[in-house]
Amino acid sequence: MRQDHLITATQLSRDDIEAVLDRARAVADDPAAYADRHAGRVLALCFFEPSTRTRMSFDSAAKRLGMNTIDMGDVDSSSVSKGESLSDTVRVIEGYADALVLRHPSEGAATLAGERVDVPVVNAGDGAGQHPSQTLLDLHTIREDHGLDDLTIGVMGDLKYGRTVHSLAAALTEFDANQHFISPESLRLPRSVRFDLHETGAQIREHDDLEPILDELDVLYVTRIQKERFPDENEYHRVAGEYQIDAETLADAPDDLTVMHPLPRVDEIAPDVDETDHARYFEQAHNGIPVRMALLDTLLENANPDGDEGTEVGR
Amino acid sequence: MSDHELRVSKIRDGTVIDHVEGGQALNVLAILGIDGSEGLGVSVGMNVPSDRLGRKDIVKVEDRELSQSEVDVLSLIAPEATINIVRDFEVVEKNRVTRPDGVTGVLSCPNRNCITNAGEPVETRFDVVADGVRCDYCATILRSDIADHIDV
């Protein structure tokens, strides 16, 4: 992968993706070989929106590469609450760190940050836009179970606002996957994502119900339907209830169906699914470590091609 | 009725935007930020017969020549337009518009949650795609309603 930043899944070629996933596998096989790889380097965690697993996953991945991490803390207690622009914030933090991980509530925030700084920026979620590092760990999980060729995947839930869905759908076009999208009418894929899928000639089909296509699927990727997307709470309960699965739903599913979820889940996957052979969402979350280690390793290598020494202080 | 029979008087100095798709003349004026209050002489012909387009609009603006960014945006809603610069009753330049690869600092993003609408010191940038424009930041696609988002 010859990229300076990871902003959107649409920037990734098949080769880019496979290179990171190969490296993730190497990391998982021999983590000790990577333990001091980036000693002396610092990763800045810039989360303008609450996050538990993504933040901790990057924190852990960085430390397992020998890096230190700095964290700007809650937005309420930072300079952002004083009205500082994102442009200024990232320019300042650039001087403190060798790479930035950014989550922000506005779409396009990571693109802007990438234009403002010279150190690698990883988009860890920009509003309802993209979440490409999640996609890499999703693909790693799928690859371990099924490989990435001749894949048939069903993506269910909030497809409109779900940034993990937008990134995953874009990346899967590189592998010519058959993609089925299952959602209520009001939460279908946004025009921009649909545009990219059509541009690549991707095979996509949209459905109201999971049931008719369940037996075709290799992977079922479930996402949370959020209450705040509905003006009326009754409407939310009615709609959300139709996009929940339990062990009974999966009774007729193919034996090797992999069920995934970016987490956190609320009630869209019943706990009884956890005990089935289909459930893969906890491994999926754990895969965040080797994949993000591989990603950071790759970006830092690209940014520092002359060696693996920590960068000079006070550039 | 051919073009030269149009009963709109010639202008001395200014711009004639011809071969605008029928019904788009008011959007053309919107792009140019002309609503009459600036005192420019403006003539508009709408849905007049045209050999090339069937029906077309034509806009004449006195004492005003278009900037490149105005022409760029104009090309998005009036891709067939010709732009005639008139000085002392003579057409001194006649140009077809060409679709640019992108437009910078001219349109505002319709996505309220786009970072370009968050008070950042950043110019908007749109790529021109098949049938519209697309925000470089949030990827929102703008099609028929481009004229509503002109910010010049």
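How much helix and how much strand does the chain hold over residues 150-298 of chain A, and how far apart are the end C-alpha atoms? Select that range and check: the chain is 30% helix and 15% strand there, with the end C-alpha atoms 27 Å apart. Keep in mind that you're looking at a predicted model. The range itself comes from UniProt, where an unreviewed entry labels residues 150-298 of chain A "domain: Aspartate/ornithine carbamoyltransferase Asp/Orn-binding".

**Stop 1: the two domains of chain A**

Now colour chain A by its domain assignment. Domain 1 takes 9-130 + 287-303, so give both pieces one colour, and domain 2 takes 132-285.

Next, select the contact between them: 22 residues of domain 1 of chain A meet 22 residues of domain 2 of chain A. On the domain 1 side, α1, β4 (121-126) and α10 of chain A each give at least two residues. Colour the domain 1 side by class and you'll get 11 nonpolar, 8 polar and 3 charged residues.

**Stop 2: a helix pair in chain A**

Stay with two of those elements. Select α1 (residues 14-29) and α10 (residues 288-303) of chain A, and draw their axes: the axes come within 8 Å and cross at roughly 120 degrees. That angle is why α1(A) and α10(A) count as oblique to each other. The crossing of α1(A) and α10(A) is right-handed.

Show side chains for the contact. From α1(A), pick V20(A), R23(A), A24(A), V27(A) and A28(A). They meet P290(A), V291(A), M293(A), A294(A), L295(A), D297(A) and T298(A) in α10(A). Sorted by class, the contact of α1(A) with α10(A) has 9 nonpolar, 1 polar and 2 charged residues.

**Stop 3**

**Stop 4**

Chain B is divided into domain 1 (3-96) and domain 2 (102-149). The centres of these two domains of chain B, taken over C-alpha atoms, are separated by 25 Å. Select their contact: domain 1 of chain B provides 8 residues and domain 2 of chain B provides 6.

Which elements give two or more residues to the domain 1 side of chain B? They are α1 (25-31) and α2 (68-77) of chain B. The largest share, 5 residues, comes from α2(B). That side of domain 1 of chain B has 5 nonpolar, 2 polar and 1 charged residues.

**Last stop: a UniProt range in chain B**

Over residues 103-145 of chain B, the chain is 0% helix and 30% strand. Run a distance between the end C-alpha atoms of that range and you'll find 15 Å.

Conventions: Residues numbered from 1 in each chain as written. Chains lettered and ligands numbered in written order. Predicted model: local features only at pLDDT ≥ 70, side-chain atom pairs only at ≥ 80, totals over all residues. Helix = DSSP H or I, 4+ residues; strand = E, 2+ residues; numbered from the N terminus. Contact = placed C-beta atoms within 7 Å. Nonpolar A, V, L, I, M, F, W, Y, C, P; charged D, E, K, R; others polar. UniProt positions renumbered as here; feature names shortened; annotations may be inferred. Axes fitted to C-alpha atoms, helices over the stretch in contact; angles between N-to-C directions. Parallel < 35°, antiparallel > 145°, perpendicular 65-115°, else oblique. Left-handed = near helix turned anticlockwise from the far one by under 90°.
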